[in-house]
Amino acid sequence: MNFLKKLDIFLLEKFPLLWHTKLLYAIFFSVVLSGLFYLWGFTFTNEYYVNRFPESRYFEKSNAMLCLFIINAIFIIIWALTFYRKSAVKNLYPLQRFYFTRLLCSFMIIFWSLTWPLTTFNWGVRAKIRKLAPVEELKNHIETINFADAFLFDNSFRYGTYIGVHHPDVEEITFDYNDSIWNDLPTIFCKDSIKSETIKDRKGFATAYKKDGSLAERGLAIYEPSLHPENNDTIEGQLVQFLVTNRISFPSRCSDSDDAIYLIDAKKLKQLCPNGLNDLRNFSKRDVSLIYFEYPQYKNIFDEYASRRNSYRTIYYDDYYDGESKISLEANKSFNAFLDASTKDDLLQLLEKYRSLLIRHKINHSINTKEILDYVLKRQHNMDFMPIVGESSNNPSQAKLDLSRYGNLENYEAHRAKLVDTREQPLYFVEKEQLEDLFSNSQEAHDPAINWVRLTISIFFALGFALIFFLFAISNPINLIIAASVGGVFVILNILFFAAFLERRFDSNYETHSNVEFRLFSQLLIFSAILYFLFYIFYNGKKVSKRLLLITFNLCFAVTILFPAFSFLFLESVLKREYTDSCIAHHTEHSIFYYWIQDPIVIWVSAFSAILLFTHLIKPVLAKPE
Amino acid sequence: MTQFQSKINQTKNHFNNSDVDLGFRNLVDCVLDTANTDFFKKTIELVSWKEENPDERAQFVQKSLILLQELEQLNPVQNNETEALATITDLSKKYSRSNFQIGPMNIQINSGEIWGLVGENGNGKTSLLRVIAKDLGFDEGTIRFSDDLEQLKLYNQRSHLAYIPQRTPKWHGSLKSNLKFTASQYGIFGEENELLVLMYIIRFGLWSFRDYKWSELSSGYKMRFELARTFLRKPKLLLLDEPLANLDVLAQQLILEDLKLMAASLSNPLGIILSSQQLFEVEKVADKVIFLKKGSPVYINQSKEEESSTDEVEKTILEMDLQISKEVLSDIIKDFPVEQLQFNGGIFIVHISKKSCMNEVLQKLIDSQIQITYIRDISKSSRRFFIQNT
């Protein structure tokens, strides 16, 4: 207490602005609060939340957000009362050098510091997650999950995986069963069994190709398998045809991706998979990838900033994102190698390891490893059977009831065979979403990068609040309320003025015939210039009411914050070049301002600089006689 | 003998005449004039000692006299600026909506001068003060400040023109911390900040209230706080709007006396303009008085009559509180050339066409054995402008 008193006197005697703004106390308050929120985050986090919610939501889930809001509101009220009841500006005290800059910066730091608890709460959460689910441990379990998954059959097998594993030269081409139209629309160059005449005759605009098999012109190919019975097969009641294809790629003049010609040759399905599709060896797919834990390396903080401020990392099941068949192929290969080198005991050990992982991290599950393994191994060359392990449990009590009722998978299979509704959940289940959340949270918790998005938002929040309170420091509340109302009217007038010159077109959209951005931002700039001009007139006018001057000043202050952004957008609208190329593709060549406007640092710095320049007018305006 | 030495002698006389309070206030003024931090410390120690030993009056006087002796050895730098602080020429301000006009006004305020501004409510006193403080604009005329003030930009100029409104704003925190904040804003840092603030706290009798908050102070002490705060700013020109309102008589006298002493400071003399309804109290301390009637000024020099209207000089106007009826009084003074006899609010106002005849009237009343509560000659006082015309 004595120390605080001495500190207070020291600040008062040496640094009046620091004393007045209570900056150090605010920081001290924020540091203490941040520490408490760190502990809150740490103690709040447990396996239940780690497995169910993204770590970013714990702040809201724990009511910490509401609590922080209330605490900050109380703090701001008390702080404002102490600050505004002493005002160097309103008392017309001499102001130290760069007073307003320092005042604004102090406000910014104060309001920014109020956001720290949010960050430290997250640090607490992350620290706990790191403790509960160390990323190294989870990385070690990637193979366990991926391999064990093949035994926990949930009927999600895809034919393409099989083809990819056993016939890498064959590509599956998507086929729509209903209308018999190939969904892959790139040029299809047919040879041998599919005649171009057939295609041409049916739709009239299809591909013509040369007899010698050289490149033909592009077009839509229509192909009806029923017309080509020699190429078809029926699998599970659906007409399917696999085609051995050869894809020839060549750069496209009008497209970013290569054009491709598919050389199609018919091949019967039975030729491709003589032993049947359902084979244990085909079931492995990569659920979790190591890529998920790889961090990009950056040369410096600026590179990282540029790369990360918009990044969003969610690649858990990378099979769906990055070259599906290729990765499945790799996963299958390593799984097959594992199968070749493993005994039944090894496989059981694998499943037990997987189960231990689920138990260790309290992920909801119900599996009997030995029974599942026996059941699968009995059918490993024909796995056309019911799903064993569901990816989630809609009704865990039902699963438990089924388990006690049927005793084992054989009985349950017999029961399932009689069912009409095949949507009934399997006998066992593993909450895969929980596993995914666990990995995702663990990865986030170990993410070493700065959260640029959160940092940028918190700084903008601080700047916004600082500007509002700064205005209160130099103006009175009544003037500000009037200025805000007048500002609202001006915004509406601007919208109306802008809308009035838009032309209604018959395609039901409002738009102008010329550059909309240019119209909008030139209008805003002109409006800003009018406000500045009025301010100039009022400032120099002798008979102008001080209130009018102050209201105009407040409006100009608000406009000044946005002025750099308006200017950048206006300049971009003037300098950008739009053109259409010979492929009838539309292009825009942007100016540097386009990139500036998207960069929070540039916007922040430009707005802040504009305000600081504007602060030079505060003293003369306030001192002007009424 | 320098002015400082004569001020010290005057202070000694106060102590020797057992007027300890006034003596001590003079002593503090002398210490403030020296701007010597060692003497600041000694004065603060003395006050602290007094606080701990409230009954040791004789010893306190002894210690004060010792301090005065030490002060005698010093010869502080005196500020002998003779340039006018503000010269107001043909100044006028019009209110087009009410057709009311203040001025034209011609005044010159010098360092050390106190100007009283009197007049009925709504006659433009506050507006005139705000115009001089550059808080309000004006229509015609000029206000020219001393050269050092003129060189400053408007904001900095206004920093040196201290205007204290009638209703002072609420402040937060302790009295002392607010004064320290003001001092530091004016570039007084470190130990000097603490000492100077305490000196002004002592000077304005706020020592016992230094840790009080705004809500804990009475109106009188709030005004003292405002004065302490203002003097810390070392203003060139001090403009006070109704500083005596809401104060008891004793507080009014103390504040006026303080203003008089502070205006005559050797180190930082300043000009003061104060508006008030307390005519007699203001007239006592003011060098010059301006009476504003419907915005038009009447200048009254307290030391020398300078009025343009000379007709009133040749007559005597008496204000009397007597326990008799109007008829009895009329009968008693029938031998005097009475122009007018008014009875209003329990007091009589008598206009007699004869110069300086108060003693004769008084003698007549005594001879008639009339009970006199008070009698005052208001022939030269601005009080005469507040008489209802019949």
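This is a predicted model: local features need pLDDT of at least 70, side-chain atom pairs count only at pLDDT 80 or more; totals for chains, interfaces and linings use all residues.
Pockets were located on a 1 Å grid over the protein atoms alone, as open sets of points where a 1.4 Å probe fits, with protein on both sides within 12 Å along at least five of seven lines; lining residues have an atom within 4 Å of a point. Among the 38 lining residues, V89(A), K90(A), N91(A), L92(A) and P169(B) are the closest to the pocket centre.

The contact (heavy atoms within 4.5 Å) involves 27 residues of chain A and 32 residues of chain B. About 2,700 Å² is buried between the two chains, with carbon and sulfur atoms giving 57%; this is the accessible area (1.4 Å probe) lost on putting the parts together, summed over both. On the chain A side, E13(A), R85(A) and Y93(A) lose the most area to chain B, together 26% of what that side buries.

Three salt bridges cross the interface (a side-chain nitrogen of Lys or Arg within 4 Å of a carboxyl oxygen of Asp or Glu). One of the residues named above, E13(A), pairs in this way with K180(B), with 2.6 Å between the closest N and O atoms.

Residues are numbered from 1 along each chain as its sequence is written, and chains are lettered from A in the order in which they are written. Local features need pLDDT of at least 70 and side-chain atom pairs count only at pLDDT 80 or more, whereas totals for chains, interfaces and linings use all residues; side-chain values use heavy atoms, without hydrogens and water.
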